[in-house]
Amino acid sequence: MMGRIGGWFERFALWMNSIQAYILALVLGAIVVLTALSLSIMFYVTPEVGAPISVYEMSRMVRGQPLAQDTPSIRSRIQAVEPRRSDDDAEKLIAAALAHRLGVSGGDVRVYLNDGDRGRHDLMAREMALYGGEGAADPIVLGSFTIAVRTSSGQWRMITREARNPDTLWQHIGRNSVPIGLLLILPLSLWVSALLTRPIRAFAASAERLGAGIEESPVPVEGPTEIRMAARSLNEMQSRISRYIRERTSVVGAIAHDLRTPLARLHFHLASAPEHVRKAAEEEIRQMEQLIGTTLDFVDNESRPRVMEPLELGLLVEGVVDDFADMQHDVAIKHAEPITIDGDMILLKRLFTNLIDNAVKYGDAASVSVRREGEAAIVEIADKGAGMTDEHIARAFEPFFRGEPSRNRKTGGAGLGLSIVQSATEAHGGTVELKRLATGGMCARIALPIPAQSRERA
Amino acid sequence: MQLDAMDEPLSTGGQELFQPNILIVDDDPSLRSLVRNFLVDQGYAVLEAEDAPSMRRVLAQSEVHIIILDVMMPGEDGLSVARSLVQKGDLGIIMVSALGSETDRIIGLEVGADDYLPKPVSPRELLARIRALQRRRRASAGAQSAAVHYCFEGWRLDPVRRVLRDPGGVIISLSEGEFGLLLALVERPQRVLSRDQLLELSRGDDSDAFDRAVDTQVSRLRRKLATRMHGEIIRTVRSEGYMFLPSVSRG
């Protein structure tokens, strides 16, 4: 029984941390906040103070007598200047009724109304027409108004009623409830969405680093339940992969040892062989060694931890080109800009050595350029060879694929060069493509991202 | 035996007839005996050991100057053996490994080996490296151990990783030949080095990679350094050679 409750509780705790629960909480929270806002407006916003005032009450105001309902916002002052005459029918009607009540001449009373009350002239006229005969007509004014009455001294007494108190905070809130509601909801939803997306983004970033092979450490298991589940399975996958890579590395290392030791023995056996036999056999050994070396590079590329450091790409490519030029190959640098990128020096040297080696082997010559294109560093290596067919281009990056089935001696290789190029480029977050040149020959184009701080430096 | 080319006049004068005792440590018996026969033919006194314990027995009994050490051995591997030997000092260590990658080379040199050769090593190359090591040991007899880094004007040069960094820490990559040349110059600052001396000092082995004239490489080196450094760095001394001007510190 306890176990079942415990299990239920555990499931509930898991659910509470899920994305579903977060979204539900956000929606409910928004509803609660908005409802609370509207309710508090209803409760706290005092209605506009202007109770309707009848012409009778106006006459009491002029005489200085109290009204049944307290209206605090009445101002009274004396002025010598005669106020303007009104030509509005409603104002004239009220002024006449008031003059009648006060028992003064119509010319001594003026009334000024607000727009709303002026628009109620028809109603007032009807009231006067219907009840006026019985002396019971007492039209009311709803909003603000000003009464001007000539005093015995010939000055004018001005009485103004403000229908509305100065705005209170709650009245502001009441009138601006939509923007204020948004203002309250916005931080809430930003907070919740940050809470939700931070672990997702962190997860995506770690997954990407794993994919690029940069990081060996596992993806942190944190955040909503769904993300935790994904992180856990990703980590399991990662540890399976690294176990696999470790096994493969040790197997390949053993193979390399077992192949290279006999090759070394062969070298020493040959020391006493006749010159022409030794030369020929040493060339065979060199080719076998090259195959073993490339295969090991291919494995090393994927299993060696990357060391990303700022380096000068233009000079790195130039250095590789110079190495080839020093070995009397037809390799030239056409253009090189100084571009600082973050990279693994060994991997990048291997990358460009492989591409230039290909260009020299299959295309007789290599012409190399390094330049900046927006946020990417572009390295292009063009050759003068016969080019490749579309089918070969499509399969060129497959491990052990060789464009030349003849496997002839001069160009022989393991078919790993371009696979190494591709994995090294991807380890740097870059891309590689092969294209045919209009002039014949192939061009390999490498694009590597330039980190933000060195873009600014440039 | 076509090794006449190797019997070159390396340093002029003072070429004593002293031949060092060499100890070969390798678990492959037939490679061991092949190397021994070859080196004995070259006039060296050669001892053998098949693993770390037997190597230590030999060292306890006999005088050894240079050890040729296989990295991949059963039991204690070559790297850990090299580490223990470096602490004793005064032994030239040439490591030989079937793991010939750049990373493995760096690890080997960092544990303190004097040289690192990938298998399959050819007799010519092994001999060249042994002789180069003899030369270096003669030149620096009693001197301090190899510097970890060379520093000049804020730049750092790491001879093991073969990396040059500018004052901002950015890696300035050079070709093999240029790096060898710069290292030779930096190791001997404010000294005029002739073209022949530079060629000999910068040539790591008998590779063809450094055949291009020293002048071409010096001018390339100057241009590459000038992208990040102002002022004269390498001075041409007319009809004598080149001199590295900045002062160099070890660190």
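Me: What makes the five-strand sheet of chain A open, and in which order do its strands run?

Reply: This is a predicted model. The order is S8-S10-S11-S13-S12 in chain A, with mixed pairing. The edges are strand S8 (331-336) and strand S12 (431-436) of chain A, and each pairs on one side only. Neighbouring strands are turned by 15° against each other on average, direction ignored.

Me: How do you know that S11 and S13 of chain A pair?

Reply: Pairing takes at least two bridges. Strand S11 (residues 376-383) and strand S13 (residues 442-449) of chain A have seven bridges, so they count as paired. The sense is antiparallel. Within this pair, Ile378(A) stands opposite Ala447(A) of S13(A).

Me: Which helices pack against these strands?

Reply: Helix H11 (residues 313-326) of chain A lies across S8, strand S10 (366-373) and S11 of chain A. H11(A) runs at about 165° to S8(A). Helix H12 (residues 345-363) of chain A touches S8, S10, S11 and S13 of chain A. The direction of H12(A) makes about 20° with that of S11(A).

Me: What makes a residue of chain B count as in contact with chain A, and how many do?

Reply: The C-beta atoms of the two residues, placed from the backbone, must lie within 7 Å. By that test, 39 residues of chain B contact 38 residues of chain A. Helices H1 (29-41), H4 (102-110), H6 (176-187) and H8 (214-226) of chain B each give two or more residues to this side. H1(B) gives the most, with five residues.

Me: Which classes of residue make up that side of chain B?

Reply: The count is 18 nonpolar, eleven polar and ten charged residues.

How values were computed
Residues are numbered from 1 along each chain as its sequence is written. Chains are lettered from A and ligands numbered from 1 in the order in which they are written. This is a predicted model: local features need pLDDT of at least 70, side-chain atom pairs count only at pLDDT 80 or more; totals for chains, interfaces and linings use all residues. Helices (H or I, at least four residues) and strands (E, at least two) are DSSP runs, numbered from the N terminus. Ala, Val, Leu, Ile, Met, Phe, Trp, Tyr, Cys and Pro count as nonpolar, Asp, Glu, Lys and Arg as charged, and the others, Gly among them, as polar. Axes are lines fitted to C-alpha atoms, for helices over the stretch in contact, and angles run from 0 to 180 degrees between N-to-C directions.
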